[in-house]
Structures are given as structure tokens and as C-alpha cells.
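Reader: I would like to learn to read side-chain features in a model. Could you take me through them one by one?

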Amino acid sequence: VFRYRPNEILSVEIDYPGKTESSFALSFPGEKNFLLRSVTTNKITKISKEKAQQYLMNFQSVPFHWIQPDLVKSLNDSLLHQTPYFELKVKDIENHITYVKIFHIPAKANPGGFNLDMMYAQFQGDSVPVIVKYIDIDPITKEYGDFDKQ
């Protein structure tokens, strides 16, 4: 899903449609400026270089797994009608934006619950969803308040 070195990223934005107060944008306009913005209030605060670097290191390797080809069309059609758990935009130093939507996978054994091990990911403009393991994507799924706790 992602394979960026920390110095290749200009900004990261995570939007949580179900809990907008957790949504945030991080930008890195200079070598010593690391800015955190609340998407809800537009409040901007500086964060330490160490916090920013620690977070950005999590984008070095976020793998995905292919879905069985015969399930792709029906799954894509289903995801079109769902609200994503979160949407993630990463802008790199070449001004290329990677936009990914992440969706919960319903738990078969627990109606109303979801799979705690895996999630669906769908890239902008691509109709082929993939699976990401929660353990692989969890380090980048921070919320606005998490940066005060680090």
C-alpha cells in the first residue's frame, strides 16, 4: 500500500468519516517545521521532529494481499455503497498523491461486528480492492489526539 521513506513525504491527511474529531493533516513545509492540523477545528500546532519522523517511518512498508479474482467485482460494487472507516492521502516530494480508502470487513461469526485481523483497501481510481492486515496498517492509523500522547 505504501513504501515511502520519511524524507519522501510532504503531507499526510487522514479523514475519519464516522468520527471527524479524530481527523487530521500533517504537513512538513520545511526541515524544522512539522505542523499538525485538526480537520474539525483547523487548529494548527507544531509537533516535534522526533514525533513526525517516528510516525512517518511507519509508511516504509505497508503490504497488501490480493483478493480472489472471482470476488473482486461483487466486493467492489459492495464497497461503493459503504462509508470507509478512514480515507488516507499521502503527498510525496514529487507532488504525487496516493489516496486510499480503508473499509472494515464484516465478521461472519459476529453479526454487526468486524474482522479484527484484516481490512479492505481501495486505491483512488482502482476498482480492485485488496486486503491489508490490521497489524500492518495500525501504525499509520493515528488519530488527532494521539500526537499529544506520544
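**Reading the features**

Author: Start with a loop residue. Leu80 sits in the loop between helix H2 (72-79) and S5. Keep in mind that this is a predicted model.

Reader: Is Leu80 buried or exposed?

Author: Leu80 has 61% relative accessibility, so it counts as exposed; the cut-off for exposed is over 50%. Leu80 and His65 are 15 residues apart in sequence, and their C-alpha atoms are 20 Å apart in space.

Reader: Next, rings. How many aromatic pairs are there in the whole structure?

Author: A search finds 11 aromatic pairs. Take Phe24 and Tyr55. Their pair is edge-to-face, at 6.3 Å centre to centre, with 70° between the planes. An angle over 60 degrees counts as edge-to-face.

Reader: Why does the pair of Phe24 and Tyr55 tie together parts apart in sequence?

Author: Phe24 lies in strand S2 (residues 24-30) and Tyr55 in helix H1 (residues 49-56), so the pair links parts that are 31 residues apart in sequence. Both Phe24 and Tyr55 are buried.

Reader: Which residues do ring pairs link into a cluster?

Author: The cluster holds Phe2, Tyr4, Phe24, Tyr55, Phe59 and Phe147. Now look at another pair.

Reader: What is the geometry of the aromatic pair of Tyr85 and Phe86?

Author: Tyr85 and Phe86 are edge-to-face, with 5.5 Å centre to centre and 70° between the planes. Tyr85 is partly exposed, at 26% relative accessible area. Phe86 has 0% relative accessibility and counts as buried.

Reader: On to charges. How many salt bridges does the structure hold?

Author: It holds 2 salt bridges. In one of them, Arg5 pairs with Glu8, and the closest N and O atoms are 3.2 Å apart. Glu8 is buried, with a relative accessible area of 19%. The cut-off for buried is under 20%.

Reader: Which residue meets Lys19 in a salt bridge?

Author: Glu143 does, at 2.5 Å, N to O. Lys19 lies in the loop between strand S1 (9-15) and S2, and Glu143 in the loop between helix H3 (134-137) and helix H4 (146-149), so this pair ties together parts 124 residues apart in sequence. Lys19 is partly exposed, at 24% relative accessible area. Glu143 is partly exposed too, at 22% relative accessibility.

Reader: Over which ring does the charged end of Lys19 sit?

Author: The ring is that of Tyr16, and the charged end of Lys19 is 5.4 Å from its centre.

Reader: Now a charge without a salt bridge. Where is Glu87 found?

Author: Glu87 is in strand S5 (residues 86-92). Glu87 is buried, yet has no salt bridge. Lys101 is the nearest side chain of opposite charge, 5.2 Å away. The cut-off for a salt bridge is 4 Å.

Reader: What joins the side chains of Glu87 and Tyr99?

Author: A polar contact of 2.3 Å. Setting aside residues up to four places away in sequence, Glu87 touches Glu13, Ile14, Asp15, Pro17, Tyr99, Val100 and Lys101.

Reader: Last, the backbone. What is the phi of Asn42?

Author: Asn42 has a positive phi of about 65°, although it is not a glycine. Asn42 is in the loop between strand S3 (33-38) and strand S4 (44-46). Asn42 is partly exposed, at 49% relative accessible area.

Reader: And where is Asn95?

Author: Asn95 lies in the loop between S5 and strand S6 (97-106). Asn95 also has a positive phi, of about 60°, and is not a glycine. Asn95 is exposed, with a relative accessible area of 52%.

Definitions and conventions
Residues numbered from 1 in each chain as written. Predicted model: local features only at pLDDT ≥ 70, side-chain atom pairs only at ≥ 80, totals over all residues. Heavy atoms only, no water. Phe/Tyr/Trp six-rings, centres within 6.5 Å; stacked < 30°, edge-to-face > 60°. Helix = DSSP H or I, 4+ residues; strand = E, 2+ residues; numbered from the N terminus. Buried < 20%, exposed > 50% of the residue type's maximum accessible area, 1.4 Å probe, protein only. Lys NZ or Arg CZ within 6 Å of the ring centre and 35° of its normal. Lys, Arg positive; Asp, Glu negative; His and termini not counted. Polar contact = N/O pair within 3.5 Å; in protein donor to acceptor, adjacent residues only side chain to side chain. Contact = heavy atoms within 4.5 Å.
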